[in-house]
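Let's take a friendly walk through a protein model. Have a look at the picture first, and then we will go through it step by step.

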Amino acid sequence: MQTRFSEAQLADPDTAESNRILRACVHCGFCTATCPTYVLLGDELDSPRGRIYLMKELLEQGARPTAETVKHIDRCLSCLSCMTTCPSGVHYQHLVDHGRQYIEENYRRPFMQRAVRALLAAVIPYPGRFRLAVAGAILARPFARLAPKALRPLLAMAPRGVAGPSPVDRPQVFPAEGPRRMRMALLAGCAQQVVGPQINEATVRLLTRLGCEVTIARGAGCCGALVHHIGRTGQSHDQARANIAAWMHEIDGPGLDAIVANASGCGTQLKDYGFMFREDAAWAARAARVSALAKDVSEVLAGLGVTPAGAAPALRVAYHAACSLQHGQKIRTEPKALLSSAGYAVVEPAEGHLCCGSAGTYNLLQPELATRLRDRKVANLEATKPDVIATGNIGCMTQLAAGTGVSVVHTVELLDWATGGPKPAALR
Ligand code: SF4
Ligand code: SF4
């Protein structure tokens, strides 16, 4: 694609990077067929190619974004299916991140949109605040019809109940069982601690059982992905810096073989820290070091090997590939191989490449499209006649569970159960 940025524009490293990305696109349109929003809406401007064109215009002209342009960029899930499909290696992720940041800095959204986005950014990354908000949403749900329209999806998505903080999520060290094979930091995360505390508990049990010392580093928190995807780059960088500082303390102290994420959306973000800070002399080297150590839990487990403790529970498991895992991190085979080696019968749904509509805060900000994608995904999953659905991302778990009667669990919960841990709560 031809671009016409001025020398002055190209002096900005983000614009220079976007220019490189734009120039790699050859307009072939292969990506349109695998884009969930194009599949649903059939509008070129809701396809990757259309959005790439909109972002080129936006960035080149340096103009105020129009409401129409913002609508089409907002509808993008950042699922990165287009990156898997693109034969020219167009790095859509970094382009849309830049586009979202540009919109955030140059476009004044209607009041309710600004209020909801500010609320999400101020609450979800902080487990204490989020726990209180969920409790409030549970109380307010019977009166949801009286709430402003923009707030209703937030009330509808709140879980049925909320548990207190899990002791696992406090800063501490869990010793390895038997001889120590590896030492790793686990990203305890933010929203997952509130809506799925059993996931970190299962992860710690499983990793320590396999000979890993696991630390929850003091000072680490939200990975920054949630606010990053709504264009709040400053806030996401602050959250990333806090994590980098916390883990560097571990790296320079007792040492780390890996930094493990068990929410694939977070893992994708950790692996991008090196890029995020590439121009920051004070942080670039440390960020790159953290990114190099970042692993999805399934990558680590694949290296360790999982052997069932006895006869595996005879369950048919439908594996839902989270976009951030299959497209963002290119991890496709490991979770299925691990489930199979633990003794489960693994089945896969049709249209496995399509997003379930969760996509961070997408299901809260774009509820209509998100629900259509969820229902389509659930129909494909249920067609495999599963006993249980497994996936590697808390966002997908919450999204799918709201649309099906089949139990939805994290992959590590099933692996933990097969190797001697308790039966997952969702199956009890
Ligand atoms: S990230 Fe997903 S929704 Fe966005 S353009 Fe690419 S395929 Fe479409
Ligand atoms: S597949 Fe790649 S090169 Fe082709 S239009 Fe899409 S982004 Fe551009």
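A disulfide is a covalent bond between the sulfur atoms of two cysteines. To find one here, we look for a pair of cysteine sulfur atoms within 2.5 Å. Keep in mind that this is a predicted model. By this rule, the count of disulfides comes to zero.

Is Cys222 buried or exposed? With a relative accessible area of 7%, Cys222 is buried. Cys356 is in no disulfide either: its nearest cysteine sulfur, in Cys396, is 4.1 Å away. Cys356 also counts as buried, because its relative accessibility is 2%.

Now let's turn to ligand 1. The residues that surround ligand 1 include Cys35, Pro36, Arg51, Cys76, Cys79, Cys82 and Tyr92. Sorted by class, this shell holds nine nonpolar residues, two polar ones and one charged one. Which helices each supply at least two residues of the shell? They are helix H4, spanning 48-61, and helix H6, spanning 81-85.

Our last stop is a pair of helices. Two packed helices are described by the angle between their axes and the distance between the axes. For helix H20 (residues 334-341) and helix H24 (residues 411-418), the angle is about 25° and the axes are 10 Å apart. Angles under 35 degrees count as roughly parallel, and H20 and H24 are therefore roughly parallel to each other. The crossing in which H20 passes H24 is left-handed.

Conventions:
Residues are numbered from 1 along each chain as its sequence is written. Chains are lettered from A and ligands numbered from 1 in the order in which they are written. This is a predicted model: local features need pLDDT of at least 70, side-chain atom pairs count only at pLDDT 80 or more; totals for chains, interfaces and linings use all residues. Side-chain values use heavy atoms; hydrogens and water are left out. A residue is near a molecule or strand if one of its heavy atoms lies within 4 Å of it. Helices (H or I, at least four residues) and strands (E, at least two) are DSSP runs, numbered from the N terminus. Ala, Val, Leu, Ile, Met, Phe, Trp, Tyr, Cys and Pro count as nonpolar, Asp, Glu, Lys and Arg as charged, and the others, Gly among them, as polar. Buried means under 20% relative accessible area, exposed over 50%, partly exposed in between (1.4 Å probe, protein chains only). Axes are lines fitted to C-alpha atoms, for helices over the stretch in contact, and angles run from 0 to 180 degrees between N-to-C directions. Angles under 35 degrees count as roughly parallel, over 145 as roughly antiparallel, 65 to 115 as roughly perpendicular and the rest as oblique. A crossing is left-handed if the near helix is turned anticlockwise from the far one by less than a right angle, and right-handed if clockwise.
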